[in-house]
Amino acid sequence: MFLKVYRHEFKSLLKTMLITLAVGLVVALVLGGVTNFMRALAERYNEEGQYNFAIILLTSGLSMSPMAIVIVFIAQAIIIFARFYKSVATDEAYLTFTLPSDNVTQYRARFLSLLSWIFICVLALIINFVVYRIVSLIGRVWPVAEIFGYYGISLSDVFDGLLLTEGITLAIIFVIFECVQLCFAILLASKLAKKFKIGATILFIFLIEHVEGMLLSSIFMLLLSSSVSWEIDARIGTAIILFGSIVLLSGVSILWYILSKRLVANLNVD
Amino acid sequence: MPNVLEVKNLTKRYGKFTALDDVSISVEGGKIIGLLGPNGSGKTTFLKCLAGLLTIDGGEVLIDGKKVGGETKKVVSFLPERTYLDSSSTVIETINFFKEFYDDFDEQKACAMLETLGVDKNAKMRTLSKGTKEKVQLILVMSRNAKLFLLDEPLGGVDPAAREFILNTILTKYKDGSTIIVSTHLILDVEEILDEYIFVQNNKLTAYGSVKAIHEQGKTVDGLFREAFRCF
């Protein structure tokens, strides 16, 4: 039953998500191309000593264009969480929780589907940024492998200095933590609020994100201020990542326990 | 027939409000039972407890000898008052969904019933009227070969012609040996098909008996209901 529910939930978003993924890629390609063209135009005017403020203004405006890629990602995340909300906190919950399996299985399968889509979208976000950069630098940096060099970074810096593997691990744990936290907010708000459930859920999400942001930034600032220098070497980087992973995993475990044992197992569908 | 439903000292609270207070009942298999009572008496709460949509605060509910959970949901078919179907799906997609999730779902029967009521299988749920959505939902629920059917106000939003269809559908299930618990205010419409009645008042079961016995006394369940729940 777990796999059946997971498959059904995943497929229910497939059509919509494929469209949004395609939109994200098109946005990255178009914005990359436009940025490339505008920059070239601005450089030509600059070389000729003509300062066309319209071009400069447009070019500086385009420097904000990666925001559009992030907006597409946010829209995707909203669609994914809205699907989860619909299946567990609206009238559709009557169907969800009368399907022939226990409530916790229903919740877990739906959460896993949500998580799968979020990871796909995060991957698409990264790909879209890379595509945007490559397209915006075509003609200026070639071959593409030299892009890091264009920014004064060598590949060894990326792999050694930023502790790529540990960084990715931390990012994965962070994404899982965020998803568990948001599902927790959705379930708790829908349980507590008798009216205006959507508003209450959004408010609760903002509240929980705010508190989490404050807590995490305080912890990391404390950790960073205790280091002898701001230069992140491998040792300090590993410590931060390890500490961050432990904090986030603890958060995931606590929230998961409350979700499974308290909210879902003691279900009351209004 | 063995008991399909055993409820012992069931209590359900919403905060400080007690929605069901120490309810006990045993229901034999193969019966049609009317769950009757005024608004807010606890009928829907009772059905939702049996369907596994509410966590009970006290007592025990056994369906087919098992505690309410994943296993009992396999043999219980619940029709809530609300429309719970995904509005973005078509009718046929919804049928396929039921077919995929319920082993006892009879697709042919569902399609035949849809045809009888003239519902377009390719229509999106959101384009259907409220009454038609309720009919589709009823068809889906009644197309299962479940042991226990829980119907919450199945006659509420449908026209008189459809009511007859619904009552016939319930009778078909009765012939198949299933137990059907129908919660309704429209007692006159269902009285003829009922075997037993349950009266719910002030969150307690106040009466449980045979409809035949009432009729033998020259009374009707509707008359008894009006007597028991007189407002003035």
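This is a predicted model: local features need pLDDT of at least 70, side-chain atom pairs count only at pLDDT 80 or more; totals for chains, interfaces and linings use all residues.
Chain A is built from helices. Its secondary structure comes to 10 helices and 0 strands. From the N terminus on, the elements run α-α-α-α-α-α-α-α-α-α. Chain A has 270 residues, and 41% of them count as buried.

For contacts in chain B with a separation of 6 or more, residues 24 or more positions apart account for 69%.

Helix 5 of chain A can be followed from end to end. It covers residues 103-137, which makes 35 residues. The helix reaches 51 Å from its first C-alpha to its last, close to the 51 Å expected at 1.5 Å a residue. A:Asp102 caps the N-terminal end of helix 5. A side-chain oxygen of A:Asp102 lies 3.3 Å from the backbone nitrogen of A:Val104. After the helix comes A:Gly139, with a positive phi near 95°. Within helix 5 sits A:Ser113. A:Ser113 counts as buried because its relative accessibility is 3%, and buried means under 20%. Leaving aside neighbours within four places in sequence, A:Ser113 is in contact with A:Tyr6, A:Glu9 and A:Phe10.

The two chains touch each other. In the interface, 25 residues of chain B are in contact with 25 residues of chain A. The size of an interface is often given as the accessible area lost when the parts come together. Chain B and chain A bury about 2200 Å² between them, and 56% of this area is on carbon and sulfur atoms. B:Leu53, B:Tyr84 and B:Phe101 supply 29% of the area that chain B buries against chain A, more than any other three residues.

Polar pairs also cross the interface. There are 7 residue pairs in polar contact between chain B and chain A, both residues at pLDDT 80 or more. On chain B, the elements that give two or more residues to the touching side are helix 1 (43-51), helix 2 (70-73) and helix 3 (91-101). Helix 3 of chain B gives the largest share, 4 residues. By class, this side of chain B has 11 nonpolar, 6 polar and 8 charged residues.

Side chains of opposite charge can pair when their charged atoms come close. Over all chains, the count comes to 17 salt bridges. Across the interface of chain B and chain A, 3 salt bridges are found. B:Glu100 forms a salt bridge with A:Arg7, the closest N and O atoms being 3.8 Å apart. A:Asp91 and B:Arg82 also meet in a salt bridge, at 2.9 Å from N to O. A:Asp91 lies in the loop between helix 3 (66-89) and helix 4 (93-96) of chain A, and B:Arg82 in the loop between strand 6 (76-79) and helix 3 of chain B, so the pair joins two chains. A:Asp91 is partly exposed, with a relative accessible area of 28%. B:Arg82 is partly exposed too, at 35%.

Other salt bridges lie within chain B. B:Lys8 and B:Glu60 meet at 3.8 Å, N to O. B:Lys8 is in strand 1 (residues 3-14) and B:Glu60 in strand 4, so the pair ties together parts that are 52 residues apart in sequence. B:Lys8 is partly exposed at 37%, and B:Glu60 is partly exposed at 26%. B:Lys204 and B:Asp21 form a salt bridge at 3.3 Å, N to O. This pair links strand 10 (residues 204-210) with strand 2 of chain B, and its residues are 183 apart. Salt bridges that share partners join A:Glu9, A:Arg83, A:Lys86, A:Glu92, A:Arg110 and B:Asp86 into one network.

Backbone angles remain. Most residues other than glycine have a negative phi. B:Asp22 has a positive phi of about 55° although it is not a glycine. This residue is in strand 2 (residues 17-28) of chain B, and B:Asp22 counts as partly exposed at 43% relative accessibility. B:Asp64 likewise has a positive phi, near 55°. B:Asp64 is in the loop between strand 4 (58-63) and strand 5 (66-67) of chain B. Its relative accessible area of 26% makes B:Asp64 partly exposed.

How values were computed:
Residues are numbered from 1 along each chain as its sequence is written. Chains are lettered from A and ligands numbered from 1 in the order in which they are written. Side-chain values use heavy atoms; hydrogens and water are left out. The expected span of a helix is 1.5 Å times one less than its number of residues. A polar contact is a pair of N or O atoms within 3.5 Å; within protein, one must be able to donate a hydrogen and the other to accept it, and residues adjacent in sequence count only if both atoms are side-chain atoms. Contact means heavy atoms within 4.5 Å. Buried area is the accessible area (1.4 Å probe) that two parts lose on being put together, summed over both. A salt bridge is a side-chain nitrogen of Lys or Arg within 4 Å of a carboxyl oxygen of Asp or Glu. Ala, Val, Leu, Ile, Met, Phe, Trp, Tyr, Cys and Pro count as nonpolar, Asp, Glu, Lys and Arg as charged, and the others, Gly among them, as polar. Buried means under 20% relative accessible area, exposed over 50%, partly exposed in between (1.4 Å probe, protein chains only).
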